Amino acid sequence: MSATRESRAVMENTHSPIEQLRAMVRELWEELSPAERAVCHYLISTSPEQILFASAQELGNATGTSNATVVRTMQRLGFGGLPGLKRALAAEFTSAVAPDVRLKQRISHVGQDLPGIWERVFDEARERIEHCSRLLDEEAFRKAVELLVNAPGVFVYGAGASEPAAHHLALKLNRRGHRARAVSATGFALADDLLWLAHGEVLVIFQPARKLKEITVLIDRAQAVGAGIVLISDELGGSFADRVDAVLAAPHTPTGITAETLTGIIVADALLLALDSLDEPRSVEHSHQLNALREQLLGPRFR
């Protein structure tokens, strides 16, 4: 059994994320470089809260290494990157600590250094985006684009924090000549929208982590009517992989410092650009029509 598989087996037999981290470090210790060992030693000796709110650059400074070494170490440990470790730590942290307490800790950690706050937000945004890029599944991305480019209609679902990403994708699809509607209803009200999901259409779901009942009902309905299904998520890919046509990874925020929907919108933008490249005439023609209508409404400012 390889070291990576042994580490995964250890993870399955341990409980808390920090115990998992320590077990993985023990298993891989002999394979790690001195710099990677320095990062690991710091990670297992500091509090989860310190890791949760730290950037790769801060961890590099604390360990006498670099942000690149921190990221590489996270990859060696099987987390994909620093956001992957933060997500694992946050799962236990958020379930045990009340939201108002977490907010207070977040504020306490960032302090009142305004330039530092600015940098911290951009640091986390970069980490999440880079992590999202590394998680690309080329086959899933290709399948999602193929479904969308040929669909007579697109049903985009996003509730709560995912609603902006759903509306963003639906709006931009319509501007490119692809009929789309964004839905954010939950519970009883969702049934009215589901009635209109039709054969050959595509259901796109934005849902980072929580396994809402609505997601199961949406997928059941899409399968019943013969609609394609694309899931854009962080943690639900494994749960629904065998029931959807494509899963695209969009890591959520473990700290709440950056917007939940950040990576979902970026994944949507990648899908939109791919559609433009595959169906350029449609995108260009509808862009022309859109600008013509804007000029009629607002004057020649869009020329």
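Colleague: Where is Arg 210 found?
Modeller: The model is a predicted one, in which local features need pLDDT of at least 70, side-chain atom pairs count only at pLDDT 80 or more, and totals for chains, interfaces and linings use all residues. Residues are numbered from 1 along each chain as its sequence is written, and side-chain values use heavy atoms, with hydrogens and water left out. Helices (H or I, at least four residues) and strands (E, at least two) are DSSP runs numbered from the N terminus. Arg 210 is found in the loop between β3 and α13 (213–225).

Colleague: Is Arg 210 buried or exposed?
Modeller: The classes rest on relative accessible area, with buried under 20%, exposed over 50% and partly exposed in between, using a 1.4 Å probe and protein chains only. Because its relative accessible area is 63%, Arg 210 is exposed.

Colleague: What distance separates the C-alpha atoms of Arg 210 and Glu 235?
Modeller: Arg 210 and Glu 235 are 25 residues apart along the chain.

Colleague: Is His 178 buried or exposed?
Modeller: His 178 lies in the loop between α11 and β2. Its relative accessibility is 2%, and therefore His 178 counts as buried.

Colleague: Which residues is His 178 in contact with, leaving aside its neighbours within four places in sequence?
Modeller: Contact here means heavy atoms within 4.5 Å. With those sequence neighbours left aside, the partners of His 178 are Leu 148, Val 149, Leu 173, Leu 275 and Arg 282.

Colleague: Which elements do the buried residues of α11 pack against?
Modeller: Helix α11 (residues 163–175) has 13 residues and reaches 18 Å from its first C-alpha to its last, close to the 18 Å expected at 1.5 Å a residue, where the expected span is 1.5 Å times one less than the number of residues. Its buried residues are Ala 165, Ala 166, His 168, Leu 169, Ala 170 and Leu 173. An α-helix has 3.6 residues a turn, so residues three or four places apart point the same way. The buried residues of α11 pack against β1 (154–158), β2 (180–183), β3 (202–206) and α15 (262–278).

Colleague: Which residue with a positive phi follows α6?
Modeller: The buried residues of helix α6 (residues 67–76) are Thr 69, Val 70, Val 71, Thr 73 and Met 74. The residue that follows α6 has a phi near 95 degrees, and it is Gly 78.

Colleague: Which residues does Gly 237 touch, not counting those up to four places away in sequence?
Modeller: Gly 237 lies in helix α14 (residues 237–240), and it is buried because its relative accessible area is 14%. The C-alpha atoms of Gly 237 and Val 247, ten residues apart along the chain, are separated by 5.9 Å. Beyond its sequence neighbours, Gly 237 touches Leu 231 and Val 247.

Colleague: What is the volume of the largest cavity?
Modeller: On a 1 Å grid over the protein atoms alone, a cavity is a set of points where a 1.4 Å probe fits but cannot get out, and its lining residues have an atom within 4 Å of a point. Grid points are joined across faces, edges and corners, and a volume is the space filled by probe spheres set on the points. The largest cavity is lined by 14 residues, of which Ser 162, Pro 208, Ala 250, Glu 260 and Gly 264 lie nearest its centre. Its volume is about 90 Å³.

Colleague: Which helix gives the largest share of the lining of the second largest cavity?
Modeller: About 50 Å³ of space lies in the second largest cavity, and its lining includes Phe 53, Lys 86, Arg 120 and Ile 257. The largest share of that lining, four residues, comes from helix α9 (residues 114–134).

Conventions. On a 1 Å grid over the protein atoms alone, a cavity is a set of points where a 1.4 Å probe fits but cannot get out, and a pocket is an open set with protein on both sides within 12 Å along at least five of seven lines; lining residues have an atom within 4 Å of a point.
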